[in-house]
4 protein chains.
Amino acid sequence: MLIHLDFQSDIPIYLQLKMQIIEGIATGKLKPGESLPSVRQFAEDLGINLHTVNKTYNLLKQDGFILVHRQKGVVVNPDEGPKVTEEYLTQLHTELRPMIIEAFCRGMSKEEFNKICSQIFLELKEKGEG
Amino acid sequence: MLIHLDFQSDIPIYLQLKMQIIEGIATGKLKPGESLPSVRQFAEDLGINLHTVNKTYNLLKQDGFILVHRQKGVVVNPDEGPKVTEEYLTQLHTELRPMIIEAFCRGMSKEEFNKICSQIFLELKEKGEG
Amino acid sequence: MLIHLDFQSDIPIYLQLKMQIIEGIATGKLKPGESLPSVRQFAEDLGINLHTVNKTYNLLKQDGFILVHRQKGVVVNPDEGPKVTEEYLTQLHTELRPMIIEAFCRGMSKEEFNKICSQIFLELKEKGEG
Amino acid sequence: MLIHLDFQSDIPIYLQLKMQIIEGIATGKLKPGESLPSVRQFAEDLGINLHTVNKTYNLLKQDGFILVHRQKGVVVNPDEGPKVTEEYLTQLHTELRPMIIEAFCRGMSKEEFNKICSQIFLELKEKGEG
DNA sequence: GTGGTCTAGACCACG
DNA sequence: GTGGTCTAGACCACC
């Protein structure tokens, strides 16, 4: 599992890391039940502080993507991960709305917008199958 | 033009304000050429800091949504506003990608996702016509 | 609002602090909408690190006991705080069960146990009214 | 005696084990004088570390739930087990208080709270008789 | 001034 | 060895 962090980005490192781990799970690069590096090991590998990795792990645990096994350490949730909850839909809507407003204001049609989304979906699927 | 700011939100006020002005333009509540309050006036009305309004106006000006005349004050761009530039598309893709990854990981299909987007588009259109 | 921390206790400081703030809210010593000290100020007053206070505040925010207002800083949730959710009931049950098992095993009757609970409830009520 | 350990739980394994043995005694699944597996055997059966079982046994011995004979091995205390001591009451109060404070703060009445406790007591009794 | 993030280095409980 | 907690000190965005 290759991680690339952009230290210049305005997106916090712990979030970049979170998203890339989720991507790994989404594309199947990280299988259910698979072990993740220990906070210390991962931090060293990535050249960041252990607390930053810890924060990422805590968020992922909270969302149900990973579990902290007392013997195996951190593992990808072997059962089904988090689903589309009511809470998640609300959050998604909140995040999506301002983006769509700006797209709309710039004259983008909903078809064009959906096409972009579909394209990203397809990329993920291909990665998963590839 | 009614503005509602959420001081509890983790979205900065200057961004909330920016999005709502863009929404006003998108839905036609703010017509091209229409005047916006002065920085000072707006800040007082909203009960926020003068610098915050300033930051919002600067961003909107930079994107081409508004014009700042030395004499006429701040007005909505009377000509056509910003379009779908290459740069904008890149940014949109960057913002959309992590959201779609998580949606995908939670088992949401691209059809479901597109449906949510379409719905938001329709809401905007209705507001514009209503 | 007087806080007493036991640095020898095996209960983490951030949890001790959390419980005492909740107690303050429960007994009315902290009114809805009232401000709490800034992380730095509070940390200094208590002689602990700012991150510890931060962790406490984050937990309380997550549970809905407090809000982080961009202007006023940290305040007690002015609207109704968190309620008895399904999730909370599950957690309560999980925490209560082992305690009751041991009490049962030591020959304590459910009447005796309930009496102790009721007593604690009454203490809280009196504090709230007093 | 069936033991189920949750390696994902934030409750240490040695405590989970302790509670389940106490529950066995409480419900009569473990009779006074009955033998418990040796540390080594138990650890192997449960797939956990030998030290973990040891720690559990030490705690149970300390509380008077079990006896450790040099020759007979580990047995459930054949005489009456631990009672409601002054010390135990203090500890119980200390553990119960923060839980009740939060329940109170969430608007739970002492009747509702007692009902939950009573329910757990009844479950135990039924298990004991069943 | 505020909270949010990151780093560095330490100790502890658990297994 | 692991994760959890705490400290100390720094920089940043926001207001």
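This is a predicted model: local features need pLDDT of at least 70, side-chain atom pairs count only at pLDDT 80 or more; totals for chains, interfaces and linings use all residues.
Biologist: What makes chain B and chain A copies that can be laid on each other, and by what turn and shift?

Modeller: Chain B can be laid on chain A with an RMSD of 0.4 Å by a turn of 180° and a shift of 0.1 Å along the axis, where copies are superposed by least squares on the C-alpha atoms of residues with pLDDT of at least 70 in both. The two copies are thus related as by a two-fold rotation axis. Within chain B, Asn114(B) has the C-alpha nearest the axis, at 2.8 Å from it. Residues are numbered from 1 along each chain as its sequence is written, and chains are lettered from A and ligands numbered from 1 in the order in which they are written.

Biologist: How do you know through which surface the copies meet?

Modeller: Of the interface residues of chain B, 98% are also interface residues in chain A, so the copies meet through the same surface.

Biologist: Which residues come nearest to DNA strand E, and what makes a residue count as near?

Modeller: A residue is near a molecule or strand if one of its heavy atoms lies within 4 Å of it. There are 24 residues around DNA strand E, and Ile13(A), Tyr14(A), His51(A), His51(C) and Ile13(D) come nearest.

Biologist: Why is the pair formed by Ser38(C) and a phosphate oxygen of DNA strand E called a polar contact?

Modeller: A polar contact is a pair of N or O atoms within 3.5 Å; within protein, one must be able to donate a hydrogen and the other to accept it, and residues adjacent in sequence count only if both atoms are side-chain atoms. A polar side-chain atom of Ser38(C) lies 3.1 Å from that phosphate oxygen, so the pair qualifies.

Biologist: What do the polar contacts with DNA strand F involve, base or phosphate?

Modeller: Both occur: a polar side-chain atom of Arg40(A) lies 2.9 Å from a base nitrogen of DNA strand F, whereas a phosphate oxygen is 2.7 Å from a polar backbone atom of Ile13(B), and a phosphate oxygen is 2.8 Å from a side-chain N or O atom of Tyr14(B). Of the atoms of DNA strand F within 4 Å of the protein, 67% belong to sugar or phosphate and the rest to bases.

Biologist: Why are β1(A) and β2(A) called paired strands?

Modeller: Two strands pair if DSSP finds at least two bridges between them, strands being DSSP runs of E with at least two residues and helices runs of H or I with at least four, numbered from the N terminus. Strand β1 (residues 66–69) and strand β2 (residues 73–76) of chain A are joined by 4 bridges and run antiparallel, so they meet that condition. Val68(A) has Val74(A) as its bridge partner in β2(A), and the two strands form a hairpin with 3 residues between them.

Key:
Side-chain values use heavy atoms; hydrogens and water are left out. Contact means heavy atoms within 4.5 Å.
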